[in-house]
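Here is a protein to explore together. Keep the viewer open, and let's take it one question at a time.

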Amino acid sequence: VCLCLRVSVSVSVSVCGRTYVSLVLTVSLRAGLKWVQEHIKAFGGNPNQVLLFGESSGGTDTAMQLLANKSWGLYQRAGLESGAFFNWAFQPMDKAEKFYDILIKRAHWSNSSGTFNCSKAADLTGAARVACLREMPTGDLMRQSARNYQDAWDASAWAPVPDGVEFPVNSTPMQLLASGAVAPVPVILGSNYDEGTGASLS
C-alpha cells in the first residue's frame with residue numbers, strides 16, 4: 001500500500017490559519033495506516049505483520065511515525081532508507097511565521113474581478129489573511145510559495161511545528177529519540193551511497 005508522502009503550502013494554509021504549518025502529514029499517514037489495519041486482510045495481508053517503509057523524506061516521515069505514539073500499534077516494524085530523525089522534520093513557530101509572512105507579502109494575483117494582494121491585508125486577522133490565500137488560484141499560490149521554499153538539512157519551509165498534541169512543543173526528533181520516546185518495534189536503517197549528490201550539484 002502506497003501512502004501519501006508530502007504536503008506543501010496548499011494544505012498547510014488550508015488547514016492551519018496563522019500557525020500555517022501543521023502536522024497534517026503525520027496525521028494523514030496515520031489515517032493510511034489505519035486503513036491498512038482495517039482492509040489488508042481483503043488483499044491477503046496480515047494486519048499484525050505491517051512494515052512501514054520510506055526513502056529520503058519518506059524515511060523521515062517514517063521516523064515521525066515512530067515518534068508519534070498515537071501511531072504505535074498500527075505497524076510492527078519499520079525501514080528507513082536515506083532518511084531518519086532529522087531536525088528539519090520540525091521547525092519552531094517563529095521560523096514558521098517568518099516563512100508565512102514572506103508568503104503573505106508575495107501573495108498577489110489577478111483575475112476577471114480585479115487584482116488582489118494579501119499583503120495589503122496587514123491589518124486583518126490571521127483568519128482573514130488565510131481566507132485571502134484560499135482565494136488565490138492554486139497555480140499562483142504554488143509559484144509564490146516555491147520562491148519562498150527552503151529545504152536543507154537544518155530547515156524546511158513547510159516543516160510542521162510541534163503542537164503539544166502530536167509532539168511536545170519546541171521538541172526536535174533527535175531529542176525525542178534520545179529520550180526513548182520511540183515505538184518499540186524492530187527498525188532497519190540505511191542510506192544510498194550517493195544520496196543527495198544530485199541536489200548538491202543542482
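A contact, throughout, means heavy atoms within 4.5 Å. This is a predicted model in which local features need pLDDT of at least 70 and side-chain atom pairs count only at pLDDT 80 or more, while totals for chains, interfaces and linings use all residues. Residues are numbered from 1 along each chain as its sequence is written, and side-chain values use heavy atoms, with hydrogens and water left out.

Q: How many helices and strands does the protein have?
A: Both kinds of element are DSSP runs numbered from the N terminus: helices are H or I with at least four residues, and strands are E with at least two. Counted that way, the protein has seven strands and eight helices.

Q: What percentage of the 202 residues of the protein count as buried?
A: Buried means under 20% relative accessible area, exposed means over 50%, and partly exposed lies in between, using a 1.4 Å probe and protein chains only. By that cut-off, the buried part of the 202 residues is 40%.

Q: Which elements do the buried residues of helix 3 pack against?
A: Helix 3 spans residues 57–67, and eleven of its eleven residues are buried. Among them are Asp 61, Met 64 and Gln 65. Their packing partners are helix 2 (24–39), strand 1 (51–55), strand 2 (77–81), helix 7 (173–178) and strand 7 (187–190).

Q: How many residues apart in sequence are the parts that the pair of Phe 90 and Phe 167 ties together?
A: Rings of Phe, Tyr and Trp (its six-membered ring) pair if their centres lie within 6.5 Å; planes under 30 degrees apart count as stacked, over 60 as edge-to-face and the rest as tilted. Phe 90 and Phe 167 form a tilted pair, 4.8 Å centre to centre with 45 degrees between the planes, and both are buried. Phe 90 lies in the loop between strand 2 and helix 4 (93–106) and Phe 167 in the loop between strand 6 (155–156) and helix 7, so the parts tied together are separated in sequence by 77 residues.

Q: Is Asn 170 buried or exposed?
A: Asn 170 is found in the loop between strand 6 and helix 7. Its phi is near 65 degrees, a positive value in a residue other than glycine. At 62% relative accessibility, Asn 170 counts as exposed.
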